[in-house]
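Let's take a friendly tour of a protein model. Have a look at the picture first, and then we will visit a few places in turn.

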2 protein chains.
Amino acid sequence: MPLSLASLPKRLFVGRPLQSDRLGETLLPKKIALPVFASDALSSVAYAPEEILLVLGIGGVSLLHLSWYLAAGVAVLMLVVVASYRQNVHAYPSGGGDYEVATTNLGRSAGLIVASALLVDYVLTVAVSASAGVANLASAFRSLHGHEVAVTVSIVVVITLLNLRGVRESGTAFAIPTYGFMVGVGVMLAVGLTKIATGDHLQAESAGYHIQATRDFTGLALMFLVLRAFASGCAALTGVEAISNGVPAFKKPKSRNAATTLALLGGLAVTMFLGIVALAVLTDVHVIDPATGGKLLGTPPGYQQRTVIAQIGATVFGAGSVPFIYLQFVTALILVLAANTAFNGFPVLGSILARDGYLPRQLHTRGDRLAYSNGIVLLAAFACLLIVAFKASPTRLIQLYIVGVFVSFTLSQSGMIRHWNRHLRSEADPAQRRHMKRSRVINSIGAVITGTVLIIVLFTKFTHGAYIVVIAMPIVYATMVAIQRHYNTVRRELVPDPDEDTTLPSRIHAVVLVSKIHKATLQAVNYARATRPSTLVAVTVQVDPQDARALQLEWDRRRIPVSLVVLDSPFREVTSSVVDYVRDVRRESPRDVVIVYVPEYVVGHWWEHLLHNQSALRLKTRLRFQPGVMVTSVPWQLRSSRSRAEREELIYAVAGDTRKGPETRRRPTGPGGPPADSKGAA
Amino acid sequence: MPLSLASLPKRLFVGRPLQSDRLGETLLPKKIALPVFASDALSSVAYAPEEILLVLGIGGVSLLHLSWYLAAGVAVLMLVVVASYRQNVHAYPSGGGDYEVATTNLGRSAGLIVASALLVDYVLTVAVSASAGVANLASAFRSLHGHEVAVTVSIVVVITLLNLRGVRESGTAFAIPTYGFMVGVGVMLAVGLTKIATGDHLQAESAGYHIQATRDFTGLALMFLVLRAFASGCAALTGVEAISNGVPAFKKPKSRNAATTLALLGGLAVTMFLGIVALAVLTDVHVIDPATGGKLLGTPPGYQQRTVIAQIGATVFGAGSVPFIYLQFVTALILVLAANTAFNGFPVLGSILARDGYLPRQLHTRGDRLAYSNGIVLLAAFACLLIVAFKASPTRLIQLYIVGVFVSFTLSQSGMIRHWNRHLRSEADPAQRRHMKRSRVINSIGAVITGTVLIIVLFTKFTHGAYIVVIAMPIVYATMVAIQRHYNTVRRELVPDPDEDTTLPSRIHAVVLVSKIHKATLQAVNYARATRPSTLVAVTVQVDPQDARALQLEWDRRRIPVSLVVLDSPFREVTSSVVDYVRDVRRESPRDVVIVYVPEYVVGHWWEHLLHNQSALRLKTRLRFQPGVMVTSVPWQLRSSRSRAEREELIYAVAGDTRKGPETRRRPTGPGGPPADSKGAA
């Protein structure tokens, strides 16, 4: 089946895990795979350097020189993680991601911990990326200042709507902002560093403002602050794992190409990250986080701090210049794109978890807009909650962010050690064994280092917001375990005995509900009569004696050949009266079955639906609890519904071309013949 | 049927309009009717005087002396309105209220305008009363300052939950705060005025602070400001109409007793209102509304303005004294009670409007917690929206408040003029005619004056917030008209022809949906077989070929005597595959009917419900649009549902004692016999 470029990302992000066997033909060359998978990882260099400067700034200007060391540390960490994930890519080309690696090697609980961490992290990816995008936009278009929350929430809402409508980006839509961002940052770094090398004394707009330390940091306190700055800088690592989830989408040799792309991504991210930190330090960018009580001295009244990347851009290109505006625009764009990737990743993970019984089963059903929507709306709602609660401040949101990422990193790498241990036991070839041992060393280093960083992150950021994630993750975990337990209970309860009783109910008592005599009621009576039940009555609940008398007269006048039972209910309790009646019928003949026919209206719009069928709905809900009672809806299509049905026909007919393809066919089997002729066991 | 005092207010507010014929035995003596109906009207004297002072304060201290005249004006207006409604009480003892008066005399549109005004006003009653209650609490317990929004919303939430749970206040619960408030204010007025009369120079805590006028007001601007102050003071009139809605609840002679109570209420309200204004002016209470840019000069740092009633109380009793705390507490309490009355009034009006087809029909169904809940939740949601939007400031909310009240007053009084004109035409007795003419004069004065006030209110408050109501009312109006139009269209569409076709469908094709073989599926197959349809097939959608093969093998192994049709669907589109299949069956034999049997799980908790039946729900929704297709739910009660069903049994059994009483009986009629024996027309 040929695939247009436009539907490719949808396939990649939504389709792959469920249809991997059919995706053979739609593979990505590296130059498209890079932007598709890199937006999340690359976009984080837009805010990670700033976080280092902000935390160090708490200790005053004198600490800023430590940025060099911290940046180097983050770069090394990045290279370690990239090297580790290159092993994952070779070992797990199926693209199952960290959840699969952890579950396979460390067991169910570890897998669920990873899953909890990732679900929480998707929410934070949306919140952090969108907030950072808006912060960068506001650095170029200053009138946005003060409206960050509204703008960020609006952007999330737009992304949500686009995803709900099923409008997905084409490969180019991914490529343009990603390459645009690389070019923008690359040119900025080249021009800036060249100018400085040739003796230009570039100074950021904030270079002249002094950062006032909140207090003196020495000894342990200083170490703690530096570790906290390092932990914040680790935000640069988010999104690195994306490629390891996407191996099946690469051209052959898949693993090799994916690993190369991963290395490329790592190199690019490290270069951009180091370059931005370098320029920030060299041009004396001074930024503070007002939330920590930091103060910038000497600022003019009304001074509004720009993002670090904006300050560098303004210094190198000149504030308001075209390249500067371009830089801010592509920075915002790649950040929004990064937020959007979470909207693709969340349902995929949800679907895998649903398949394994940890989330509601309907999340597993693909191609179903309704089910898919639940996940999207849930993700957007939580992200907006965070954005509002933390006032769209990337700095405050990042305090929560990377706990989940590093939980996932650590467990995945630990899983990989187990993986190699297992395979080493069964492998005889010395060359292979050498190779495996090398991988095991890399993954071990990865596990130890990411684990250490996780502890640093938890330790330094716990009180600044990380505790929220530490609370949220177990809640998600417990929910998933509870859901699985429920499904298991139900499954066990439903297993039929080998000699399951197949005695048929002896008689069918049909009850048609009637409120007024109109076409819908008469249709229901006719249909019920056509089923030839053992007994058939029409039942009405008397709310107003006068109405009931009129109904009875009309009933007799029309000679409807079914007896009408009038249930008295002075308190308008329609539902209870009917339920009581049905229960009495069942009590008199417990081996029989009661079918309640409920005439219903079908309308074209949801708001029209609110105006009808509410009593029917309540009644059906109550009757469900009665054993041996079936409820049959007899729909009457009102005119407004017909146009909608026709529209739907059309939509499904058009969609059917691509969705069903030649595979859709009916396959009647079993003792009967084809459907329309197959006789039941009557 | 004897009624406990505890269930009395429920009867009054919820039960009456629908069951007025049965309420004969449960009548109120005046001394209980007064607190029951007066909380809304009396509570408004807690904020109305303050509003006058606030608006006048915009023009500076020098204008405050005008309070005397404005208070007198409001008092006269109050007496006029009370006199007018005494005529309503005599003419419409049915308690239909302004909606009935306007509809009967001025037609449908006028009635709907009144209804729109009242619905909007109920929302504002909740918002204003709760906010004012919290403002008074915060005047006694200063630590609440700055948390007004949260506290107010919490109170509304608590009221909502109490109403949702059906916990209603007893008569005493009404009487205590109302009489407590009367006593508190009465004692305060007596002590305060006595002290002043005996030469005490009482000065409020704010007496020393100078109000800075935002600008000089002269000529037209001054007149406008004074009118605006008057319009704000008219907030004292809200709730006066409540007694005219409650006439049927009074002891005989109903109208006479209601009219007396109304006069009593008017006298009390006027006395309290005038007394509070007098003490405020005499003790030089200086308050400002920060929203208007007003400034209070000379205040100490951290000065937090108290409500007027709190300032008077503090002056008379001493701040922090027991009587002062008592006063603030009962003031807050009666205001919360006033908010609660809207929770009773809103569903009653909604029910009447639903009966007339202007609101969704289910609002008319009484005793149905679900339907009733919708109205309560809607009311609370809108009220909270307003509270948050206007930061729980009574002053800002009051700008929106009294438009609706005076629309209702004016149309009701105009309707009364028509009423007397009509009756005068048919009345011959000269004494009666004289009496009617006198009433007509009173109502005419009422109509003219309330109409004038309405124009003043609209004119002076339009830009301060009243425009919101002017937008909201037509929206509510248009919605109600649209709903009625929809119901009418449907009714016309459903009228059966006199010779409505009663040909029965020729055959029944039964389709049982199967996903796995378990108890629920087997039960559905058995039930479907028991109905002996013309044809019967089991249908499954193949998502995974392996699963489908396993299902087929198990099906054959169990020798289930129904043929299994496997529908292929590589894209997991269960719903579409089944709908297509059913449509094909119908297409082959259009005169037949298809019944789709859907096995469903019944669980005990709503969250468990989320884990099941979602595909079934979607399928049922789609199938509704197919003519000639019925959907039968075959519920399987899981264990967790049984305990719930038993609990419900119990609840309904207990509730049934009082609800059903001896009247509930079954009355089988028509050509058939009793239900279990009546044979269908098979």
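Our first stop is S206(B), in the loop of chain B between α8 (171-197) and β1 (210-212); helices here are DSSP runs of H or I with at least four residues, strands are runs of E with at least two, and both are numbered from the N terminus. This serine is buried, with a relative accessible area of 0%. Buried means under 20% relative accessible area, exposed means over 50%, and partly exposed is in between, using a 1.4 Å probe and protein chains only. Setting aside neighbours within four places in sequence, S206(B) touches D284(B), V285(B), H286(B), Y303(B) and Q311(B), where a contact means heavy atoms within 4.5 Å.

A word on the ground rules: this is a predicted model, in which local features need pLDDT of at least 70 and side-chain atom pairs count only at pLDDT 80 or more, while totals for chains, interfaces and linings use all residues. Residues are numbered from 1 along each chain as its sequence is written, chains are lettered from A and ligands numbered from 1 in the order in which they are written, and side-chain values use heavy atoms, leaving out hydrogens and water.

Another serine, S414(B), sits in helix α15 (residues 394-426) of chain B. At 24% relative accessibility, S414(B) is partly exposed. Beyond its neighbours within four places in sequence, S414(B) is in contact with L106(B) and A447(B). The C-alpha atoms of S414(B) and T194(B) are 43 Å apart, and 220 residues separate the two along the chain.

Now for the backbone. Which residues does a cis peptide bond join in chain A? They are K252(A) and P253(A), with omega at about -5 degrees. P253(A) is in the loop between α10 (242-245) and α11 (254-282). In chain B, a cis peptide bond joins K252(B) and P253(B), with omega again about -5 degrees.

K391(A) lies in the loop between α14 (369-389) and α15 (394-426) of chain A, and R532(B) in the loop between α18 (519-530) and β4 (535-542) of chain B.

Finally, step back to chain A as a whole. Chain A has 23 helices and eight strands, and 59% of its 682 residues count as buried.
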